[in-house]
Amino acid sequence: MLRAARGVNGHTRGHGLSALRWLPNQDRFLRDPHKRKLIRQGNQWGGKTTAVIQEVHWRCTGTHLHFPTRPPPIKVWFVCYSWNQSLEIQEKVWNLVDRSELDPRTRFDPKNGFKGAHKMVLYKNGSQILFKTGKQGSQKDAAALASGSVDLVVIDEPVSERVYNELVKRLSKTGGTMLLSLTPINGPTDYLKALCDRGVIHDHHARCTPSELVPVGARFPLRDESGTPMDADWIAERIAETSESEVDVVIHGGWETREALRQISAFDRRFVVKGTHRATLRQGWGGVGDCGVMLVTDHGELAHHAVWLVIAYQALPLHVKGAPVLTRVVGEYSNPPGADEHDDVDAVTEVLKRMGLRLEAIAVGVGDHNTSGRSKGATSLNEVYTAAFARKMGLPPESPSFDIVKATKGAKSIDYGVRVLNNGLRRSRISVSEHCPGLIEAAERWQGGNDRYKHWIDAWRYGQTYLEDLAWSGLLLHAA
Ligand SMILES: Nc1ncnc2c1ncn2[C@@H]1O[C@H](COP(=O)(O)OP(=O)(O)OP(=O)(O)O)[C@@H](O)[C@H]1O
Ligand SMILES: [Mg+2]
């Protein structure tokens, strides 16, 4: 009974495609005649695989609804990530296509997939669908795909760039077509994104929104297997049960978790400035006048966990949109193993010297509030360093030329600081010198974790929020 229900030997069932009304993104994808096209959505909604199976069936039978295709018979490779995934897809094909078009020798078994000599779907007109696996990075899989010529390649879920390139070669003689359906997860997709950005592959992407779940021409959304309408509440529930960092990819089909997680997301290489800073620091930049210099630090115990940044800044008129200050990180230092406060002070002085500055140029220092570890008794690290800098300048420790003051911390201060940095970058108020590779790397990589990148971002946000607070109050200090 089960066998019959599965249609193992029967050609009477299947044809599920005829009962479907297409969702908007499926429809856009199916109407596109381009030779390389991708349907990209989140997992388990929207029917990516179903849409490509429809197009495969249309092309195998020469009945594409929207444009002419190569007359059958055609040869198709359906490439899945793994054999298990392939079995699932084979079952979908078996259940969806119009089996009256298939050669009666085509047999399907849920455990072993399509049976017979070549394990393929054979149409009466001679068109064939072969199932292949292209596990990422596997040389063996790539090699197995490295011969033959086909008219249509389908890639369901990401494969490695190696496998992709092999598959493109299989189409070169025939001038054939490639269809891709995937969620950009569990496999490499950087190269695919680049191909989409360049327009080589047409990218049909849909975020999971209520209107994307209403079929074209219908008024109500689809229902899931339990009969629940897939509406705004259904989407909210799916989002609630997905970890926050994965929502963009898993639900919305966005490219790459890494991109979604980057905290200083507004930062890119456009904000990195080249050249010497002597002129910058003498004349300022952007033509807005005097330039001040501050030191900022995130104290840390371990090597390279104490970070010092030199930030140059200029006040802007108060009526500008956003914070009225321009900032540029011009120098950086992090502690080598075993460095004490005097080593740190010497090193920071050297950093300043390389850009033509003396310690006397520093208007203010800001450091996080930290009295443990390297601090001395009840004295805070900020006081320890304030005194050490004074000593270095030949001043009595109790009469320094600048103080290192406490950074604003407290609940939500990380979120706030990250927002301040991103907003400043978006408004092009913030830049970073190319001489700050540590900070640049942290800006590009930090995903919010308590790792080595965090200290750079901590120091940066302390400095930026401090300067913005002063700028808002019209109290921004200028260089001595
Ligand atoms: N237009 C549609 N109308 C109704 N049901 C559909 C439609 N498109 C797909 N489905 C159904 O939705 C389910 C999921 O479809 P499919 O496997 O194609 O989705 P997918 O996006 O490839 O999912 P996955 O992320 O698991 O690969 C299947 O049961 C399929 O029959
Ligand atoms: Mg799928």
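Reply: Happy to! Let's begin with how an angle between two helices is read: axes are lines fitted to C-alpha atoms over the stretch in contact, and angles run from 0 to 180 degrees between N-to-C directions. Keep in mind that this is a predicted model.

Me: At what angle do helix 12 and helix 13 pack, and how far apart are their axes?

Reply: The angle between helix 12 and helix 13 (residues 381-392) is about 60 degrees, and their axes are 10 Å apart. Angles under 35 degrees count as roughly parallel and 65 to 115 as roughly perpendicular, so helix 12 is oblique to helix 13. Their crossing is right-handed.

Me: Which residues make that contact?

Reply: From helix 12 come Glu 341, His 342, Val 345 and Thr 349, while helix 13 brings Val 384, Tyr 385, Ala 388, Phe 389 and Lys 392. Sorted by class, the residues of this contact are five nonpolar, two polar and two charged.

Me: Now the sheets. How should I think about strand pairing?

Reply: In general, strands of a sheet pair through backbone hydrogen bonds, and the pairing can be parallel or antiparallel. One open sheet here has seven strands in the order 10-16-13-12-11-14-15, with mixed pairing. Strand 10 (272-273) and strand 15 (404-406) are at the edges, each with a single partner strand, so each has one side without a neighbour in the sheet.

Me: How many bridges join strand 11 to strand 14, and how do these strands run?

Reply: Strand 11 (residues 292-298) and strand 14 (residues 362-367) run parallel and are joined by five bridges. To find the pair on screen, look for Thr 297, which stands opposite Gly 367 in strand 14. Helix 12 (residues 341-354) packs on this sheet, where it touches strand 11, strand 12 (307-315) and strand 13 (325-334). The direction of helix 12 makes about 130 degrees with that of strand 13.

Me: In what order do the strands of the other seven-stranded sheet come?

Reply: That open sheet, also mixed in its pairing, has the order 5-6-2-7-8-1-9. Its edges are strand 5 (120-122) and strand 9 (202-205), each with a single partner strand, so one side of each lacks a neighbour in the sheet. On average, neighbouring strands of this sheet are turned by 15 degrees against each other, direction ignored. Strand 1 (residues 36-40) runs parallel to strand 9, with four bridges joining them; Ile 39 stands opposite His 204 in strand 9.

Me: Which strands of this sheet does helix 3 touch?

Reply: Helix 3 packs on the sheet against strand 1, strand 2 (75-80), strand 6 (128-133), strand 7 (152-156) and strand 8 (177-182), and its direction makes about 160 degrees with that of strand 8. Helix 4 lies across strand 2, strand 5, strand 6 and strand 7, and runs at about 155 degrees to strand 6.

Me: At what angle do helix 3 and helix 4 pack?

Reply: Helix 3 and helix 4 (residues 83-96) pack at about 55 degrees, with their axes 10 Å apart, so helix 3 is oblique to helix 4. The crossing of helix 3 and helix 4 is right-handed. Thr 49, Thr 50 and Ile 53 of helix 3 meet Ile 89, Lys 92, Val 93 and Leu 96 of helix 4.

Me: Last one: how many residues surround ligand 1?

Reply: Ligand 1 is surrounded by 16 residues, the closest being Asn 43, Gly 47, Lys 48, Thr 49 and Thr 50. Helix 3 (residues 48-61) gives the most to this shell, with three residues. By class, the shell has five nonpolar, nine polar and two charged residues.

Technical notes:
Residues numbered from 1 in each chain as written. Chains lettered and ligands numbered in written order. Predicted model: local features only at pLDDT ≥ 70, side-chain atom pairs only at ≥ 80, totals over all residues. Pairing = 2+ DSSP bridges. Helix = DSSP H or I, 4+ residues; strand = E, 2+ residues; numbered from the N terminus. Contact = placed C-beta atoms within 7 Å. Near = placed C-beta within 6 Å. Nonpolar A, V, L, I, M, F, W, Y, C, P; charged D, E, K, R; others polar. Parallel < 35°, antiparallel > 145°, perpendicular 65-115°, else oblique. Left-handed = near helix turned anticlockwise from the far one by under 90°.
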